[in-house]
2 protein chains.
Amino acid sequence: MQFDKLYESYLSSFNEYLNKFCDNLNCRPKILKDSLVYSLQLGGKRVRPVLMTAVADITGVGAEKVKNFALALELIHTYSLIHDDLPDMDNDDFRRGKPSNHKVFGAGNAILAGDGLLNTAYSVLFDECFKGNEYVSAAKFICDCAGVNGMIAGQSADLLHEKDEGADEDILEFIYENKTGKLITAATVVPAILNGGRYYSELKTLGKKLGFLFQLTDDVLDVEGNFDKLGKTLGKDEQEGKLTGVRLYGLDNCKLRIDVLGDDCIKIIDGIEGDTSFLYGFVNFVKTRLG
Amino acid sequence: MQFDKLYESYLSSFNEYLNKFCDNLNCRPKILKDSLVYSLQLGGKRVRPVLMTAVADITGVGAEKVKNFALALELIHTYSLIHDDLPDMDNDDFRRGKPSNHKVFGAGNAILAGDGLLNTAYSVLFDECFKGNEYVSAAKFICDCAGVNGMIAGQSADLLHEKDEGADEDILEFIYENKTGKLITAATVVPAILNGGRYYSELKTLGKKLGFLFQLTDDVLDVEGNFDKLGKTLGKDEQEGKLTGVRLYGLDNCKLRIDVLGDDCIKIIDGIEGDTSFLYGFVNFVKTRLG
């Protein structure tokens with residue numbers, strides 16, 4: 001199947017599962033459920049669950065086995081966007097072309113919506129843990145990718161260095177590896193853990209490189225993209241003097257690094273057996289957001 | 001052993017374990033670790049871990065088996081205080097007599113410190129899940145007590161109704177049962193889950209009643225307590241017209257309800273075999289914060 005069609009098929013299956021999950025989410029008061037569901041249903045490309053499901057299919061683990069891990073990962077990603085958008089953090093009024101969670105529900109409710117999504121993700125993962133120790137390992141891997149040695153470390157460093165003119169490549173790499181890279185790595189590694197560790201290190205490196213690729217294309221899009229296509233405020237990075245790949249390397253060198261990272265990903269995928277055409281397409285998909 | 005001495009002994013064992021945990025907590029950037037550790041080491045009575053450990057001892061489960069559950073529960077409680085104190089939530093500048101997390105590290109870092117503690121709690125609990133399905137059940141119980149049908153639901157309702165003059169007893173009970181009661185219930189119920197369910201329903205009701213007792217004494221203390229003893233801003237509830245037991249029932253009736261709840265707790269403890277003297281002392285300890 002063509003990459004685009006396969007992506008759409010993964011995306012629509014995931015959205016169906018997520019919507020059912022939202023329908024069955026039973027909590028009071030109404031504003032708590034509304035604020036969680038609002039952010040979960042803002043749409044988006046569902047990159048992490050789609051990637052995890054595709055890797056599960058490619059490596060023979062199968063979509064069914066990872067579906068709740070994919071769900072939990074999207075809940076965690078969504079919580080991080082809600083908290084990132086808060087006035088005390090990145091202060092973004094728009095997300096996917098619509099008002100950010102705190103613009104609709106207020107900052108207090110947005111803090112709780114984020115907390116609630118993070119907690120719900122782990123409730124989903126604890127249910128998986130009854131199935132055996134490899135499921136516990138996979139759940140713990142996601143948790144550590146999201147935590148203080150993962151995404152939160154990246155967010156913290158991002159906050160610390162956002163206007164630090166002396167910040168160097170090491171700092172940028174630490175931020176990108178953790179803030180963006182770790183959840184993408186969770187997407188590629190969970191299927192490996194559920195598969196007895198097969199291709200674990202290859203899929204871990206692939207996740208890390210894809211995360212970097214993602215973040216650098218984001219930086220370029222902030223300069224060259226447009227609001228209608230991306231649904232978020234653009235040009236903010238430069239306006240605010242934010243530490244980005246573009247600021248550090250310059251626009252042209254940043255694009256060069258994107259090409260090199262893309263080639264690195266291709267080499268890793270070359271070493272994985274099975275029908276990996278989706279993965280080649282995925283690298284191209286991340287890169288061609290620029291075109 | 002006298003209640004006070006036994007409490008001190010549980011408290012100092014827990015603090016020793018927590019301090020070791022803080023020492024071994026390895027994360028970057030420095031401000032992230034500092035902000036987590038700052039709030040964890042603000043002191044306090046460690047009511048939840050002490051209660052859980054005591055119940056584990058009384059019911060024959062033993063302190064060792066629950067020590068990481070007790071740790072996780074305190075991490076979750078501490079995250080909730082950090083987020084609760086934020087300007088967009090309760091806006092409290094003091095906690096345990098010292099500046100709140102956001103007053104020291106800024107609101108952005110305080111949001112991340114809370115997220116980081118919540119996530120770290122689950123990392124601790126996933127490690128427990130390798131030990132067997134009753135450990136998974138106990139971990140999931142804590143998670144659900146903390147989540148959108150537990151503490152977060154209570155926080156959300158609290159935020160929604162704080163200045164709602166039409167709020168009634170049902171709303172107050174919902175808030176207290178969830179915001180305060182659920183984590184106290186986790187403290188009493190985890191040992192029962194690890195003990196094949198023995199006294200599960202008694203310990204669940206006891207946790208719920210103790211949570212209510214705790215919250216009502218808090219409401220009275222906000223009127224009658226003093227800053228030096230409590231280390232937090234007092235009189236705020238009334239100033240801000242907040243929904244509390246005192247506002248709803250009046251001060252005298254609130255104290256009457258405290259007595260009734262205390263008696264209810266005693267009756268439940270009467271039905272539990274073993275050396276339950278700590279539990280009788282605990283009820284008295286919660287009540288006599290007023291004296």
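**Figure 1. Left-handed crossing of α4(B) and α6(B) in the predicted model.** Helix α4(B) passes α6(B) in a left-handed crossing; a crossing is called left-handed if the near helix is turned anticlockwise from the far one by less than a right angle, and right-handed if clockwise. The two helices comprise residues 63-85 and residues 107-129 of chain B, respectively, and their axes come within 8 Å and cross at roughly 165°. Axes are lines fitted to C-alpha atoms, for helices over the stretch in contact, with angles from 0 to 180 degrees between N-to-C directions. Helices are DSSP runs (H or I, at least four residues), numbered from the N terminus. The pair α4(B) and α6(B) is therefore roughly antiparallel, where angles over 145 degrees count as roughly antiparallel, under 35 as roughly parallel, 65 to 115 as roughly perpendicular and the rest as oblique. On α4(B), the contact involves B:Asn68, B:Phe69, B:Leu71, B:Ala72, B:Leu75, B:Ile76, B:Thr78, B:Tyr79, B:Ile82 and B:His83. On α6(B), the contributors include B:Ala110, B:Ala113, B:Gly114, B:Leu117 and B:Glu128. Residues are in contact if their C-beta atoms, placed from the backbone, lie within 7 Å. By class, the contact of α4(B) with α6(B) holds 14 nonpolar, 5 polar and 1 charged residues; Ala, Val, Leu, Ile, Met, Phe, Trp, Tyr, Cys and Pro count as nonpolar, Asp, Glu, Lys and Arg as charged, and the others, Gly among them, as polar.

This is a predicted model, in which local features need pLDDT of at least 70 and side-chain atom pairs count only at pLDDT 80 or more, while totals for chains, interfaces and linings use all residues. Residues are numbered from 1 along each chain as its sequence is written, and chains are lettered from A and ligands numbered from 1 in the order in which they are written.

**Figure 2. Packing of α3(A) against α4(A).** The axes of α3(A) and α4(A) come within 8 Å and cross at roughly 160°. The two helices are therefore roughly antiparallel to each other, and α3(A) passes α4(A) in a right-handed crossing. From α3(A), the contact draws on A:Arg48, A:Pro49, A:Met52, A:Thr53, A:Ala56 and A:Asp57. Residues on the α4(A) side include A:Lys65, A:Val66, A:Phe69, A:Glu74 and A:His77. The contact of α3(A) with α4(A) has 9 nonpolar, 2 polar and 4 charged residues.

**Figure 3. Packing of α4(A) against α7(A).** Helix α4 (residues 63-85) of chain A packs with α7(A) at an angle of about 15°, their axes being 11 Å apart. The helices α4(A) and α7(A) are therefore roughly parallel to each other, and the crossing of α4(A) past α7(A) is right-handed. The contact joins A:Phe69, A:Ala72, A:Leu73 and A:Ile76 of α4(A) to A:Ala138, A:Ile142 and A:Ala146 of α7(A). This contact comprises 7 nonpolar, no polar and no charged residues.

**Figure 4. Backbone details in the loops.** In chain A, the peptide bond from A:Arg28 to A:Pro29 is cis, with omega near -10°. A:Pro29 lies in the loop between α1 (3-24) and α2 (30-40) of chain A. In chain B, the bond from B:Arg28 to B:Pro29 is likewise cis, with omega near -10°, and B:Pro29 is found in the loop between α1 (3-24) and α2 (30-40) of chain B. A:Arg46 has a positive phi of about 50°, although it is not a glycine; A:Arg46 is located in the loop between α2 and α3 (47-58) of chain A.

**Figure 5. The side of chain A that touches chain B.** In this interface, 42 residues of chain A are in contact with 42 residues of chain B. The elements of chain A that give two or more residues to this side are α2, α6 (107-129), α7 (133-146) and α8 (151-161). Among these, α6(A) gives the most, with 15 residues. The residues on this side of chain A divide into 24 nonpolar, 12 polar and 6 charged. Of the interface residues of chain A, 100% are also interface residues in chain B, so the copies meet through the same surface.

**Figure 6. Relation of the two chains and model confidence.** A rotation of 180° with 0.0 Å of shift along its axis superposes chain A on chain B, with an RMSD of 0.0 Å. That is the relation of a two-fold axis. The superposition is by least squares on the C-alpha atoms of residues with pLDDT of at least 70 in both copies. Chain A averages a pLDDT of 95, and 97% of the residues score at least 70; pLDDT is the predictor's confidence in each residue, from 0 to 100. The model scores ipTM 0.96 and pTM 0.96.

Methods: Contact = placed C-beta atoms within 7 Å.
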